Amino acid sequence: MTGALETALRTRREAGGKSLVPYLTGGLGDDWLETIQAVADAGADAIEIGVPFSDPVMDGPVIQLANDKALASGATPLSILDRVRRADIGVPTAVMTYGNIAYRMGWERFANTLADGGVSGCILPDIPLEETGEWVDAADAAGVETVMLAAPTAPDDRLPLICERSRGFVYAVGLLGITGVRAELADSAKVIAGRVKAVTDKPVLVGVGIGTPEQAVQACEVTDGVVVGSAIVQRMLDGTGPEGVAALVSEFRAALDG
Amino acid sequence: MSMTNPSDGGRFGEFGGIYVPETLVPACQELDIAFREAWADPDFRAELHRLLTDYAGRPSPVTVCDNLSEELGCQVLLKREDLNHTGSHKINNVLGQALLAKRMGKTSLVAETGAGQHGVATATAAALFDMDCVVYMGSVDIDRQELNVFRMKLLGTEVRAAESGSRTLKDAVNEAMRHWVAVVESTHYCLGSVMGPHPYPWMVREFHRVIGDEAREQCQRLLGGDPDVIVACVGGGSNAAGIFSGFADSDAELIGAEPAGGAAVGRAVPGIVHGSFSYLMQDEWGQVLEAQSISAGLDYPGIGPEHAHLAATGRARYEPVTDAEVVEAFKLLSRTEGIIPALESAHGLAWISREREQLAGKTVLLNLSGRGDKDVAQMMDILG
């Protein structure tokens, strides 16, 4: 069965458009939920909600700082998911966090908590193909779409296995490195997007290193859409409020719709 | 039981695995294959043996401590890893990994360090093998171990401060992994303990197995048999894994001394961080807690997965010791034997000293994993 996340991204693709999935850190500041709603209204196809972890090894300085601030203000996985559950965001959401947050709550309970909260998908970047077992069983049973990452280092024979296992979309990691804004779109972004597109019909989104509308447009020459994280979270950290963050998302939307 | 190879997925019992970002999975798999091939290759083994002998100064002796034994009422022997080149057991693993990295065509090394011993050892190997080297160290540790920071720089290594989180070993591992993700094709991550994703816990233990294998033979000569108890300090657990592996199939009792403020096994809560599933200090939500220890080298909230397995199966016991007990042990060995131990190694002696009554009449082998020169400035402050 195709979940709400994949359906939304396929719908955009079938209409000839490109998908935009902003990442926002849950629990960051008092208005993070209002910001998510504003971002949805500004044209996001889906939204990634970061649940902070103390040791985010895949994340660069901006998202690390956002994690630390959210944790220091007392945010917990349940406090974030509880507020998401009671909100009407209007587009599908996916939680991005690290394996230990889900493991500690219990794979099944975590999956059920996401499903009960209306969260469509989940991304656990430190749970690679080799370790998905218990988690994807629980996620599949709860109807949560587990998005898998495909990195530039993957040999050709690994990519089809990742795409096969991925639900919602396939997250093509745009470069060798951690999350963060770069001056230029890495050459590796289009290469990995092309390699992944060649082996799957599922929506393929490029993330990591997409920091400007121009970079998003360039990546979308090859792929179905983009995930934008650090640039958005930087705006949250700057205290621009929901309108300020939504304004940036509107810029991405306009560029992709160009 | 003995300490055997992990499963294909890198599991010791239920512990271990390969919990890393997708970008790093192929590198870990490539390393697994390369290590298996190298470890089965007599030429690789011979070259490593030559380095350990002619460069690092192995075998390290076992010292029978008459004065200390008289004071404690049990016979204490020390496996003298403090006498290795660079001053600790860390050189065993680093020479193995650097040789392997060269064989794999890597041109650079990245490492994390706590007290600086692994950082200095890695910097040393990088100098010897003419490789570029970056070492991450928590800024708290940079302050308390400035001598080792200077050593690394002198050896041509770039030392970078880890400023996130607790700014100690845990955060240095995070930064080293983040660095590795970006340069994985040219760079080998020279991980300093029996932790991280498969194959590291297994590979690092194998590179330190020489400690236990030597000690077993030396004890046969000195005691006519195995000691009753083997003791080693445990942070991630590399020196303990090395000496335990030589005695796991004997009747000797295996004791790991954990800092009370970093007792991952003592709390016995499993979790996932830094590439493996093992015991981990964490809060109710799975956020990793900051360890607190006088010793920068043991200031780590996790423990290697094989130790979690040894604890779960009852083959080894892990006992907490306090900073105050460690300070006393540090003074005790200096005073009785003329050997200044690393604060890390003093944890093992602190346990022996505390448990002297139950150890009466027994033979106890302590892995003296490092020498205390690096800790002297810190101890001057503590002891006034």
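How far apart do the C-alpha centres of domain 1 of chain B and domain 2 of chain B lie? In this predicted model, the two centres lie 22 Å apart.

**Domains of chain B**

According to the domain assignment, domain 1 of chain B covers 11–50 + 90–200, and domain 2 of chain B covers 57–88 + 209–383. Where the domains touch, domain 1 of chain B contributes 35 residues and domain 2 of chain B contributes 39 residues.

On the side of domain 1 of chain B that touches domain 2 of chain B, the elements giving two or more residues are β2 (15–19), α4 (90–103), α5 (117–129), α6 (139–144), α7 (146–154) and α8 (169–183) of chain B. The largest share of that side, 5 residues, comes from β2(B). The table divides the residues of this side of domain 1 of chain B by class.

| Class, domain 1 of chain B, side that touches domain 2 of chain B | Number |
|---|---|
| nonpolar | 15 residues |
| polar | 16 residues |

**A helix pair in chain A**

Two packed helices are described by the angle between their axes and the distance between the axes. In chain A, helix α3 (residues 61–72) packs with helix α11 (residues 230–238) at an angle of about 45°, and their axes are 9 Å apart. The helices α3(A) and α11(A) are therefore oblique to each other. The crossing of α3(A) past α11(A) is left-handed.

From α3(A), the residues A:Val62, A:Ile63, A:Leu65 and A:Ala66 meet A:Ser230, A:Val233, A:Gln234, A:Met236 and A:Leu237 of α11(A). This contact of α3(A) with α11(A) has 7 nonpolar and 2 polar residues, and no charged residues.

Note on methods: Residues numbered from 1 in each chain as written. Chains lettered and ligands numbered in written order. Predicted model: local features only at pLDDT ≥ 70, side-chain atom pairs only at ≥ 80, totals over all residues. Axes fitted to C-alpha atoms, helices over the stretch in contact; angles between N-to-C directions. Helix = DSSP H or I, 4+ residues; strand = E, 2+ residues; numbered from the N terminus. Parallel < 35°, antiparallel > 145°, perpendicular 65-115°, else oblique. Left-handed = near helix turned anticlockwise from the far one by under 90°. Contact = placed C-beta atoms within 7 Å. Nonpolar A, V, L, I, M, F, W, Y, C, P; charged D, E, K, R; others polar. Domains from an automatic or database assignment.
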